[in-house]
Structures are given as C-alpha cells and as structure tokens.
Number of protein chains: 2
Amino acid sequence: MGESLNGLKRTIMCGEVRESNISEKITVMGWVQRKRNLGSLVFVDLRDRTGLLQVVFGEEINKEAFEKADLVKSEYCIAVTGEVIKRESPNKNLPTGMVELKGESIKILSESETPPIYIKENLDASENIRLKYRYLDLRRPDMQKILMIRHKAGKVVRDYLDENGFLEMETPMLTKSTPEGARDYLVPSRNYPGMFYALPQSPQIFKQLLMVSGYDKYFQIVKCFRDEDLRANRQPEFTQIDLEMSFVEMEDIIALNEGLLKRVFKEVIDVDVQLPIKRMPYAEAMNKYGSDKPDLRFGMEIQNITEAVRGTDFAVFKGAIENGGSVRAIVAKNCADMGRKKIDKLGEFVKTYKAKGLAWIAYKEGEIKSPIAKFFSEEDMAKLLNAAGAEVGDLVLIVADVDSVVLQSLGALRLELAKELGILEGNKEFNFVWITEFPMFEYDEEEKRFVALHHPFTAPMDEDLELLETDPGRARAKAYDIVLNGEELGGGSIRIHDTNLQQRIFNLLGFTDESAWERFGFLLEAFKYGPPPHGGLAYGLDRMVMFLAGTDNIKDVITFPKNQNAYCPMSEAPNVVDKKQLIDLGIEVSKVEK
Amino acid sequence: MGESLNGLKRTIMCGEVRESNISEKITVMGWVQRKRNLGSLVFVDLRDRTGLLQVVFGEEINKEAFEKADLVKSEYCIAVTGEVIKRESPNKNLPTGMVELKGESIKILSESETPPIYIKENLDASENIRLKYRYLDLRRPDMQKILMIRHKAGKVVRDYLDENGFLEMETPMLTKSTPEGARDYLVPSRNYPGMFYALPQSPQIFKQLLMVSGYDKYFQIVKCFRDEDLRANRQPEFTQIDLEMSFVEMEDIIALNEGLLKRVFKEVIDVDVQLPIKRMPYAEAMNKYGSDKPDLRFGMEIQNITEAVRGTDFAVFKGAIENGGSVRAIVAKNCADMGRKKIDKLGEFVKTYKAKGLAWIAYKEGEIKSPIAKFFSEEDMAKLLNAAGAEVGDLVLIVADVDSVVLQSLGALRLELAKELGILEGNKEFNFVWITEFPMFEYDEEEKRFVALHHPFTAPMDEDLELLETDPGRARAKAYDIVLNGEELGGGSIRIHDTNLQQRIFNLLGFTDESAWERFGFLLEAFKYGPPPHGGLAYGLDRMVMFLAGTDNIKDVITFPKNQNAYCPMSEAPNVVDKKQLIDLGIEVSKVEK
C-alpha cells in the first residue's frame, strides 16, 4: 500500500493544533507514534517535527476510516482529515493535550516494518545501531530539536554578520596540500596523474587573500577536513564559522564577536550573555587553572606554595624547586574525610599527566593527616596551609615538578575533582572568557627551535616587538580564544600585514626564503601588493551547537556522522571502488587491510 | 614601511561620502587607484569595495601628509584623515563626485609593487594571468560587484526558505562512490587502506533520507563535485541550492519556487518576475524549439512541414519520411537576401548536429531562389512555404531526417541564427518557463534497454501509470525544470514513496533486486519504514548568479575557480605530495604524465 496525496493538502502541523482550532476541519500528516485499539475506538498518536497530536477513530465517526486506522502500525506514514474537538481527558504534558482530532478519513501514505530502534527521546541503543539506521535515529524528537537549533544558529549568525557588512564567500574545497599541520585528506587528480588536491583544513589562506582583494569583511560557514585519529568529539569533517575583517584591531574583532555571541544565545535558546565578556591573559589562565581554556564556573584555583615550602625538608619539593620548578596545590573544600582509596585514584590520575606523584594533606579539626606531615614542623605546615588557602575540613592536593607538569596535572585534577564531587551538577551557567596575550612561540625541544603557537602570520603585540630577537619565548601575540565552560569555542588573531615584520618572524622560526616560499608562496606573493591590516576568528559550529543544545556528544549535532574509525555504518563509506576509477586516476592500492 | 593602525578607526567607507558629510572630519582606508602630482597638490583616488573617493593633499593643508602622500603609488594601502569639502570641479560620473577629502594626515599601511594586471573594470588580460593573480583580479570593481551579488542572492534564498519553514541541514562531504552517473572525485581512506570516500555529486540520497527522517522541509547551499572534462561554464566544484519537501505534490513545489525566484530577482537586482511562470510540456518544447531548455525571448519556432511535402519528389525529404522521420523548417524573417557563403556556413553548422544537410529557400518578391526548387511544382512550393509560415522576404531553412536529428539540429540552428542576426542584442528580458511532463525513460540503443531520464526514484505521472508496462517510452514523469533564457536554472521531481511502484520501475530498468540494492541499498532500506510523499528541486547557484550579474563566464562568479584543466594557477593545485602521505593512505602512483 502507498496512497498518493492526489491533491490532499496538509492544513496544519500536528504539534500546532490548539483549543483555538476546535471545530475546524484540518488535515495533518505524519508518522504513527503509537496506536491503541480500545474496541470501538482506535487512538493514534500522530507525530511530525512539531510534535504529537492524538487522533481518535471510531465506527460512529467514520466506519471506513476506523477500519483502515486499525491497520496502521508504528511508523506508518499517514494523512488524517477531520474536525478538531475538545479532549475529554486532557494531557497536560503535551502542548496539543487539550484537543484531539476526529479521524473522519485516513490515507495510508506508506507502511513501515517494525523499526530496529525505538523512536523516542533519550534512546538507549548502541551507537553502531543508531548510526546504521541513522534515518530512524534522526526521527527522534530530541534529535530533531537539536538539528532545528543548528539551523537556527546558522541563520542568526548569517543575519548578524550580514547586518554588519560581512559578505559570505565560498572558498575552494579542492586545494593544495601543505606539508605541515594536521594530515590532509587527499583527492587524486585525473588530469594530472600523480598529483593530488587536498581538502581544506580551514580557509585560512583564502580568507586572508580575500582581505588582500579588498572584500573588507568576509565570512563563511564551511566544511573543513582533518585526517586525524578521532578522539572523542572529533569528526573527519567539521564545520567552521569563519570570519575575517580588514582595517581593524583586536578590540574591533572582540566587539563584533561579543555581539554575535549575545545574539546567538539570546535568539536560539533565550540566554542572556553579559557583555563585555571577561578577559584573562594566557599566563593567568595557566597559573590559576593550568589550562588555556579554563572552566570558570567554579573556583578551586591552583595555588603556588613554592615560597611557603622553600627551605623545608621534603626531598620531592626541594628537588622540584632546585630544578627551577615549583610546588603548587589545589584545595578540595570540605574533603578532609576523603577515603584513602579515592585519594590514591587521584594520584594515579595525575600520573597520566606526567606528575610523579600527588602529595595530600587532610586538614581536620585539631589534626593533620598526611603522609608528608612528618617532613614539616608545625609552623611550616601552618605556613603551607595558609599559602594554599586551606581551612579546617579541606583536603590539600599538591604536585611538585617543572612548571608545565605541575600546571597541566593540577589543571586536569581540578576538572576531575569537580566531576567527582558533582560541583557542576545542575549548573546552567554559560561562563564565557576571552583568553588573550598568548605566547607567539613555543620552544620545540626536539627540533631545538621556536615554532609558531598559532600560525606564522599571527602578529606580535606592539609592546613585545623588541622581544622578538632578545627573548622570543616571552613575546606575546595579538591572538585570542573565546572559551565557554572550559571548552574552546573559537579563536583567532590579528595577522601580520607588514612584510618586514613577517620577514623577522620567518627568520626567527628558522625559515629560509625558499622554505617560506614553498609553504606559503602565493600568500607571500599577494602580500607584495598592499595588504590591509586584518584579522579574524573561527568558531567550531559543531561545538557551538553542542552548547546550545546541551549535549556533550558531537554526533548528536551532525546529520550523518562517522564513527570513531571515520566510517559510516549507514552508507558504508569508505568502500571499494571500480578498478577503472583507479586507472583513470593513475593510482594503485598498495596495501589492503581487513 | 607598514604602519599600524594604533587605534585609528575608519569612520566611513570611501564610496559612501556625500555632500551631507561636508565639514565632517572622517577617516577612510583603502587602496590607491591613481595618484596625480600637480606640483603644489597631490590628488589620490582612494578605493574600497564601496567605490572611489578623491583625496587632495597640499603643502597648505598639511605639509607632512603632503610629502608622505607623494610617496604612494598605485595599490598602496593607506588610511587618510581629514575634512570633507565641496569639490571645485565635480565629477558627475562618481557617486562621491561632489566632494573631496582634505588629506590632513595619512598612514601608509602597506606598500605595493607594480601589479601585474590593471585594477579596472572590463579588464582585457589573459585568463591565465587573471587566475594566477586572482587576488588582484578580485580587486576589480566589477568582480567585487558580482561577489556582492552572490552574497546577497544566498542571503535572500536563506531568508525566504527559513520563512517558509525550511531547515538548512548539512549532509556529508565524505560519502560512498556510486557506480553510475558522472565520475566521482575519490578520497583515499587512511583507516581502511584500499577503500575510498567519494565527494558528493549532489546530496540527493541524503536529502531524501532527511525526508524519511521527518524533517519535512530541507535545504542546503552546498558544494558538489564532478570529475568530468570541463566544458565551458563547468567547474569541478560547483554550488547547488538544494531543497526537498515532504507531503507535497508538484504544484506545491512549483509555487514555493516561483516565490523564491520572484524574491531573489526583486531583492538582488530589482527585476519583477511575473507569476505564475508559464509552463510548457517537454514534447512541445522539443517540437517547437528542438530543446528541453528553450529560449523563449524570440520566436522562430520549428515548423513541421512533413505533411506539406509528403508525396513530392525530392529524394531527401521522401527518404526521411519513409524512414519514419520528418521534414521541418525554421524561417529567418527578412533574410531572403542572405549570401550564399553564409548559408553554406549554416549548412556546415547543422552537420555538427548529425543533420546530413540543410535545404534552403529564399522567398523573394516574385522569385524563389533555392537549390531544391526544381523538385517542386509551383503549387507544392506554395504549400511548403505556407506550411512553414514564410512570407515574402524570408529565408526558409529545412532539415529532413529522423525526428531526433531534425529537432536537435534545427533547435541549435535557431539559436545560432539568433546570435548571427543579433536578435537578442540589448534584450534585458528574463524569460522563465517551467518545462514539465518529461519522459520517464530514454531508450539506450547500445544497452537495448530503457534508462531513467532523471533518476530511478522519479515518480511517473498518475495518468501514465498504466503505460509503464505497455509503452514505457511514452510514460511521463512528475519532473520539472526551471529554464531561464534558454539555460537550465534548476530541476527536480516528485519522488516515488511507494515501494511497489519503485519495484515496478526497477523491473522496467532491468535491475535485479541485488543490483538495485548494490546501488541504492541504504535508501531502499530506509524506504521500508514509512517514507512520506516527497519531492524537491536543485538550482545551480553559480548559474543563477551569472544571470543576476549579467555575465556569461562562470569563472566570474567564483572566488578562486579552476581553469579548463581543473588546475588553479594561483595555488598550483593539484600538486605532488610527500611520499609519506601516500604510504599512510596505502596507495601508489602508477602513472605520471608531464
């Protein structure tokens, strides 16, 4: 069976029917969520993307429709025409719960086999089954809500940027592979056998070229690609909101983007973002939170207790300090009674961040419990607790090592403890922060040279220009990340538009003229012809939608995502191809694994 | 030199300054279009994406600025601050021509070498140079105007579809290669060596799946890919406005899209599209214009003169008719005096469309000039001319052959003649037509079987259902193309949602269950679970923008296009890649050409 509409028109969506529609004749179309046969009556809950509507069929109402309605099963696609009536026993949980539809006629538009997964909210099916039957998984109301949020977010972003003079411009998908950065997805060329296009990791170079071309304000919501091993919440293809502006400085870009965030969160989920968004220099974020994307929804800052323990006897602290490292702590409020097993687990946890161990002090009323207490006089212990800001009832957790290890491990421990202690449970806050003043360079211990932290076109801060040659490790960049609840939502920088300055940076990074040319040739060529001052920012749209939708699974915000192996169980991509296709491209498969 | 902005803010764009701004202090930023040194004064035409503004520097105005301004050359990027004054000798050709800016201070933001192409409208440089220095070519005001039109078109489409309840949804770029259709671009998989993704030729299957998933109304402005030899106005990557709707029939889709076209042409270029757009069945288009995308801006329809010449002696006509073919003509008004050479050229022209020759009759006052006149009695000739609708002064051009050859060659000849005669010169009309009632199938002479004209999910017209088995060649589809001035702007169809009907179509196309499954597996699987009636349409955005911008070169509407060999002279893509990248992917290059 599969009836045609034959001119039948839907007059309203299921979820929109209200008491104001009572006595109207309507036609709705959708899927059978549930059918109940109560003998003389058949009830059908009909679902479309707006919600559910109860339809009642009866011999008294229309015999033919009643009999046909009794044939339907879950997920049949049907059309029903009839009068809206007041419901005898209202369902207050449903926006349409005050009314029901008298089923006077029904068309069975198509039948359905029993679906392999339930179409309901908060489905608890295996990811593989959900991905294989993604078209059914996408019928679930919670998935539909998320994808409607995604549409809305894109629309608001476009409206806002259009109003602010931005032009949406498409950049190429078939581009040139660049030797560094993440691994490119390659596309063999048929016209030039042996040569390859690369799918873009970002439109970075093209958007800078558009600034050179005088387009002034560019944006694009665009797919980007990275062929990396997939960690959680990474997909091989992901979507960026990418923007760039000319004749601006950092303050202009921040102001524009604060307006954007305020608008998106307000219009999409009715959340007020307080402006201006607070700012924190990179160094402060690292020192207080051990991270350049600090979660500021709770405190538990890292405390530097190096001075308080300097000169004491504990060899581990002593050694760290002598090696130029530090001793730092976080304080778990009112956790002095935490069990030994739990504390040991935290010790194991910090080891995954290269810390050699975790010292702890349980500061109880009239009693200090700690394996390291014996190394400290009462006075020194009091000094330590005071420096850590600990109060009676608290648990102090301490790492001593080189700074990078101390900060990273305590930063991770802070988040782990917050999870463990349920500190953020029920927290609905959206805590934004701009991280600024990033270092220009990191020192690469293996290559024994500085490498760019962002990319080599990032401009240094004016006040740090002289450090470029004298102390490059201390030079800060005009770079900024926008961080929300401990996740990086986006980031960008002001770019260098002065060729002399660019040359200094290249020299510093150890590029020869040739090697710089090989990597960035056409952008450097373009910069010979009057590049404007410019800068920009890129957001991860997938992550933004995750926040807006309140999900922590990136697969929830993408229509047809890949699994952890970059495989799609539904379409079975990637897959083998015809030998002839490979011959056309001049390539051969040299390695096949099962 | 490359000065920083250091807090200097642009207050207005160059092209926006008007008499109302006189005596205001403004800051503008842009590129030097032209500099003239008149001794005591230096004039600079400053350009940004909004237009030009004349700036005057003088020793009297500000000596330092005057001297610095004299250093600038074409395409230097500068910022100028000063007072807006009335211009002594206004330039009426420029929107800013009533005013000029007193250059009180200037910053040279960056210098420029002499650009290899001129930055001016209607540039006459070679395509290769323009593509190599695309970032300079894109500075040209006419290119900027086009890309602003493109942005605007996308914005209006999105606004309209959003208002009409459509959700913009992204579908995957890394999909599965399908064995038929155009050639896919392939992407080797690193996780599954020997396997490949394909870049999508269109999101067809995914958008149908989204209808199965209940999203009701989907759209996307999306890149699509075809690895075909590039004819003029084809690019390896192109952009579609792709949409699909559930619970609708053809009339709903046409109405929605007429609204869309009206809105786009009105808002982007202020052209009124008259609704409803006229419609023409495929058969009529073929018979009158020899094309399924007829240019209706002029007449010169094809006339069937078979009956008028039946029984006459001319062997070519006779043979064609006896073979089941036809004799048809087009009439070139007032062209009876066309020279023999020109007519011979037209004869050569139709041969490229497989016509064996072109008969012609010059119908002059009191005289018939024609190589075939001798085969016709005066009466028969009069009958022929009458059937063709020729009048004194006209030239009649005739092809006799099987219908397909006659129609195709006369259809092409009609367009060629219109070009030759300048019939459309200065014509500003936008002549839209819906072509409907396409055949379901074409007979493939080689494979001796019917193949789908659109795709095998296209629904047949209800009144032709019974023809599917009895006379499939005559069965018409619920398919429609929107044609503008002889170009296909978009096309679509109502899809089959009835699995029994789908089975009949597959049988007819000679698919076994297995072969159908191999090609369309996951869509067929999805259709087991209550697919809604649905249909859609896809536009070529690039072509739409070509119409809106009035250009006939697709490269004009794309930021960074490829050349005819799918090569980008600017980025030098495609290119060689590191051996290591290929090893990672498990592929080898088996053929290398220079």
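**Helix 16, chain A**

I looked up helix 16 (residues 541-549) of chain A and found it mostly covered, with seven of its nine residues buried. Buried here means under 20% relative accessible area; exposed means over 50%, and partly exposed lies in between (1.4 Å probe, protein chains only). The buried residues of helix 16 of chain A are A:Leu541, A:Asp542, A:Met544, A:Val545, A:Met546, A:Phe547 and A:Leu548. A:Gly550 follows helix 16 of chain A, and its phi is positive, near 70°. I take helices (H or I, at least four residues) and strands (E, at least two) as DSSP runs, numbered from the N terminus.

**Ground rules**

I note that this is a predicted model, in which local features need pLDDT of at least 70 and side-chain atom pairs count only at pLDDT 80 or more, while totals for chains, interfaces and linings use all residues. Residues are numbered from 1 along each chain as its sequence is written, chains are lettered from A and ligands numbered from 1 in the order in which they are written, and side-chain values use heavy atoms, with hydrogens and water left out.

**Strands of chain A**

Next I checked strand 6 (residues 105-110) of chain A. Five of its six residues are buried, so strand 6 of chain A is largely enclosed by the rest of the structure. Strand 4 (residues 77-86) of chain A pairs with strand 6 of chain A in the antiparallel sense, over five bridges. I count two strands as paired if DSSP finds at least two bridges between them. A:Cys77 stands opposite A:Ser110 in strand 6 of chain A.

I then traced an open sheet of eight strands in chain A, with the order 7-10-11-23-22-21-18-12 and mixed pairing. Its edge strands are strand 7 (167-168) and strand 12 (279-281) of chain A, each pairing on one side only. Strand 12 of chain A runs parallel to strand 18 (residues 432-436) of chain A, with three bridges between them. There, A:Arg279 faces A:Trp434 of strand 18 of chain A.

**Hairpins of chain B**

Strand 2 (residues 41-48) of chain B is mostly covered, with seven of its eight residues buried. Strand 1 (residues 25-37) of chain B runs antiparallel to strand 2 of chain B, and six bridges join them. B:Asn37 has B:Val42 as its bridge partner in strand 2 of chain B. This hairpin has three residues between the strands, and B:Gly39 takes a positive phi near 85° in it.

On to strand 3 (residues 51-58) of chain B. Eight bridges join it to strand 2 of chain B, again antiparallel. A hairpin of two residues links strand 2 of chain B to strand 3 of chain B. B:Leu41 stands opposite B:Gly58 in strand 3 of chain B.

**Five-strand sheet, chain B**

I found an open sheet of five strands in chain B, order 13-14-17-15-16, with antiparallel pairing. Strand 13 (303-304) and strand 16 (367-369) of chain B are its edge strands, each pairing on one side only. Seven bridges join strand 14 (residues 326-332) to strand 17 (residues 395-401) of chain B. B:Ala332 has B:Leu395 as its bridge partner in strand 17 of chain B.

**Salt bridges**

I call it a salt bridge when a side-chain nitrogen of Lys or Arg is within 4 Å of a carboxyl oxygen of Asp or Glu. By this rule I get 116 salt bridges over all chains.

B:Arg183 and A:Asp584 meet in one, at 3.1 Å, N to O. The pair crosses between chains, from the loop between strand 7 (167-168) and strand 8 (186-188) of chain B to helix 17 (residues 579-585) of chain A. B:Arg183 counts as partly exposed, at 25% relative accessibility.

B:Glu244 forms a salt bridge with B:Lys207, with the closest N and O atoms 3.3 Å apart. B:Glu244 lies in strand 11 (residues 237-246) of chain B and B:Lys207 in helix 5 (residues 204-212) of chain B, so the pair ties together parts that are 37 residues apart in sequence. Both B:Glu244 and B:Lys207 are buried.

B:Asp401 forms a salt bridge with B:Lys356, with the closest N and O atoms 2.9 Å apart. B:Asp401 is in strand 17 of chain B and B:Lys356 in the loop between helix 10 (340-351) and strand 15 (359-364) of chain B, so the pair ties together parts 45 residues apart in sequence. B:Asp401 is buried at 8% relative accessibility, whereas B:Lys356 is exposed, with a relative accessible area of 65%.

I also logged a network of salt bridges that links A:Arg130, A:Arg134, A:Asp137, A:Arg140, A:Asp142 and A:Asp556.
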